Amino acid sequence: MPTSTRFAVAVHVLTALAVSDGKPLRSEDLAYSANTGAVVVRGLLSRLNDAGLTRSQLGAGGGALLAKPAEKIRLLDVYEAVEDTELFSMHRTPPCESCAVGGNILEAIRPTLSRARKALEDELGKTTIADIASEVARLGKFSIPLVW
């Protein structure tokens, strides 16, 4: 089941802010980097701002900034800030309770899905935006801060 792209684009945006070394970046520049629309980036920045992960600097030369060090922003924080759906969706209508399978399927599957969600959250909790920024710099053969 595919998920939205919000998480991946939000990590992209935060990584770009991390490598900019405190230089504010405009939503248009972030959108160009992520190959998406500035409206999409502004929507994500709003959610990230509400979660305390980014802040805005107004005026000439303004733009988005990290609200705290990249080392303190876990991927789990990003996921929780921008994804508003459950990882696993259940039936749109309740299964037939008089059926041997339908009457028991939700109770049978919930523990497995809960463990899967916990595994995802545990893994995302181990990695920070700083870790992603370092890997991007390694792969791109540049050093942080990146001169834009």
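This text walks through a predicted model of a single chain, from its overall layout to a few individual residues.

The chain holds six helices and two strands. The C-alpha trace extends over about 65 × 30 × 25 Å along its principal axes. The radius of gyration of the chain is 19 Å, whereas a compact globule of 148 residues would have one near 15 Å. Of the 148 residues, 34% are buried. Contacts can also be sorted by how far apart the partners lie in sequence. Taking contacts between residues at least 6 apart, 67% of them connect residues at least 24 apart.

Helix 1 covers residues 6-19 and helix 3 covers residues 38-50. Their axes come within 10 Å and cross at roughly 80°. An angle from 65 to 115 degrees counts as roughly perpendicular, and helix 1 and helix 3 are therefore roughly perpendicular to each other. On the helix 1 side, the contact is formed by Arg6, Val9, Ala10, Val13 and Leu14. Helix 3 contributes Val41, Leu44, Leu45, Arg47 and Leu48. By class, the residues of this contact are eight nonpolar and two charged, with no polar ones.

Between helix 1 and helix 2 lies a loop that contains Asp21. Asp21 has a relative accessible area of 55%; the cut-off for exposed is over 50%, so Asp21 is exposed. The backbone of Asp21 has a positive phi of about 55°, although the residue is not a glycine. Most residues other than glycine have a negative phi.

Helix 2 comes next, spanning residues 27-34, and Ser27 belongs to it. With a relative accessible area of 11%, Ser27 is under the 20% limit and is therefore buried. What surrounds Ser27, apart from its neighbours within four places in sequence? The residues in contact with Ser27 are Ala38, Val41, Arg42 and Leu45. With Arg42 there is also a polar contact, side chain to side chain, at 2.9 Å.

Setting aside neighbours within four places in sequence, Ala67 is in contact with Gly52, Leu53, Thr54 and Arg55. In the other direction along the chain, Asp84 is 17 residues from Ala67, and the C-alpha atoms of the two are separated by 21 Å.

The last stop is the segment after helix 6 (129-140), where Lys141 is found. Lys141 has a relative accessibility of 77% and so counts as exposed. Its phi is positive, at about 55°, and Lys141 is not a glycine. Asp21, in the loop between helix 1 and helix 2, also has a positive phi of about 55°.

Methods: Residues numbered from 1 in each chain as written. Predicted model: local features only at pLDDT ≥ 70, side-chain atom pairs only at ≥ 80, totals over all residues. Heavy atoms only, no water. Helix = DSSP H or I, 4+ residues; strand = E, 2+ residues; numbered from the N terminus. Buried < 20%, exposed > 50% of the residue type's maximum accessible area, 1.4 Å probe, protein only. Polar contact = N/O pair within 3.5 Å; in protein donor to acceptor, adjacent residues only side chain to side chain. Contact = heavy atoms within 4.5 Å. Axes fitted to C-alpha atoms, helices over the stretch in contact; angles between N-to-C directions. Parallel < 35°, antiparallel > 145°, perpendicular 65-115°, else oblique. Nonpolar A, V, L, I, M, F, W, Y, C, P; charged D, E, K, R; others polar. Rg over C-alpha atoms; globule rule 2.2 N^0.38 Å.
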